[in-house]
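Subject: Structure handover

Hello,

Here is the structure for you to look through. My notes follow below it.

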Amino acid sequence: MQITDTHVILPPLGLLQKWRHERQRLAHAFSVPGNRSFAPGAGPTLRGHSSLVCERIVVLNKRDLVPEWGIEPYRKAMAAKFPDQRIIFASWNRPRDVKSLHETIVNIARENAHISNELNVLVVGMPNVGKSTLLNALRNMGIPGPTAKALRTSANPGLTRALSTRLKLSQDPLVYSFDSPGVMLPFLGKGELGAEKGIKLALIAGIRAGLYTEETLAEFLLYQLNLLNPAAPAYLSILPAGTPPMDDVYVFLDILSQRLSMLKRGGERDIARAAVWFVRWWREEGCALSANAPFWASPADSAKHTPGINNYESGAELQRGGWGFDFQWELRGTDADADAEKVVQREMERAIEAYVKRAEEEGKDGDDVSNTQQKKREKEVRRKKREKRVRETLAARRSGRS
């Protein structure tokens, strides 16, 4: 079971493809009687556990942090591109979501009861996406009576540092889970795209603090909040009444520092402290407020509330918008009268297709590998060539041709 955050919801394709290949290979080995594709003693065996049960569930946690109007279009868009992938939106504080996820896992165990008398679930995901918290909620849902908190949780990434012991999620049928430390991609990419991925992860506290300045995070966050709701971005709730939306981060932080009375010696406004406070506010409260962003803001409302922010092009009436941090689009005025769900699904499918294409191009061009890893690979190639020459030289000497 893979758990990720609703703000960063496009999975790493390399890991997906590797997992699918391994799953298909093992499934074929089990399904063909007398299969000899494995060496004696090295092939897969049931050995009394659920080796053959191989289901992958992608759980998008913290669903309350994105607008509800995008959830169903996202499911359909992902199903169109990845039909064999099961996606569930959940939040630990929504009993209905936890119950739905628990029933899904239990049903998998029941459907495969003829293979194994228990099901083991490995939970993997990036740091600070709520894996341990969700597992505690699943345990409370599946075990009768009061249950103590089994896994420690923290608002900061990195609390879980080793694979946990088995945690029982269901008594009948038997379902156990393993919590795992957060896994991070070894390299986020080169150039602006790689930097953008890093900023997104830093905003949700998914990577080590200090890699980006707080002013940089505040600037990107201001841009995203303007994009999600141009007419009434969530940050207006922390500014003085009547303040219009803005796109200059230094003007924004100046107003915010005055609002919070954050001053340095001599009365100078402390913009750096205001940036730290802004990012922390978004993580604790603002992300939930941004989930109230509407799908469409009328041109009149946008022109009235967002001076200085270009949301429409003259004559074309293009409105910028988005859902979460990974989906951004420009809609024409004619889209306001169309079926909102179909419009959102169309734009999400475009974004997913562009993401897949970009990921494939990065893999071909080597942009998905850091310079350090590239040097290691080149060094390994040179080492193998050198060993090959040595073996050829020794073979020639032994044969008397040297």
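Start with Pro173, which lies in the loop between strand 5 (167-170) and strand 6 (174-179). Helices (H or I, at least four residues) and strands (E, at least two) are DSSP runs, numbered from the N terminus. A cis peptide bond joins Asp172 to Pro173, with omega at about 0 degrees.

Some ground rules. This is a predicted model, so local features need pLDDT of at least 70 and side-chain atom pairs count only at pLDDT 80 or more, while totals for chains, interfaces and linings use all residues. Residues are numbered from 1 along each chain as its sequence is written, and side-chain values use heavy atoms, with hydrogens and water left out.

Two other loops deserve a look. Lys62 is not a glycine, yet has a positive phi of about 60 degrees. Lys62 lies between strand 2 (57-61) and helix 2 (71-81). Lys62 is partly exposed, at 23% relative accessible area. (Buried means under 20%, exposed over 50%, partly exposed in between, with a 1.4 Å probe and protein chains only.) Ser261, also not a glycine, has a positive phi of about 55 degrees. Ser261 sits in the loop between helix 7 and helix 8. Ser261 counts as exposed, at 58% relative accessibility.

Now the cores. A nonpolar core is a set of buried Ala, Val, Leu, Ile, Met, Phe, Trp, Tyr and Cys residues joined through side-chain atoms within 4.5 Å. The largest has 33 residues, and Leu203, Tyr235, Phe252, Phe278, Trp281 and Trp282 touch the most other members. Helix 5 (191-203), helix 6 (214-228), helix 7 (249-259) and helix 8 (271-290) each supply at least two residues of this core. Helix 8 gives the most, with seven residues. A second, separate core has 23 residues, including Ile71, Leu331, Val343 and Ala351.

How do helix 6 and helix 7 meet? Their axes come within 10 Å and cross at roughly 105 degrees. (Axes are lines fitted to C-alpha atoms over the stretch in contact, and angles run from 0 to 180 degrees between N-to-C directions.) The two helices are therefore roughly perpendicular (65 to 115 degrees). Contact means heavy atoms within 4.5 Å. Here it is made by Glu215, Ala218, Glu219 and Leu222 of helix 6 and Val249, Phe252 and Leu253 of helix 7.

Last, a hairpin. Strand 7 (residues 319-323) and strand 8 pair in the antiparallel sense over five bridges; pairing needs at least two bridges found by DSSP. Three residues lie between these strands, and Gly324 takes a positive phi near 65 degrees.

Best wishes

Definitions and conventions: Angles under 35 degrees count as roughly parallel, over 145 as roughly antiparallel, 65 to 115 as roughly perpendicular and the rest as oblique.
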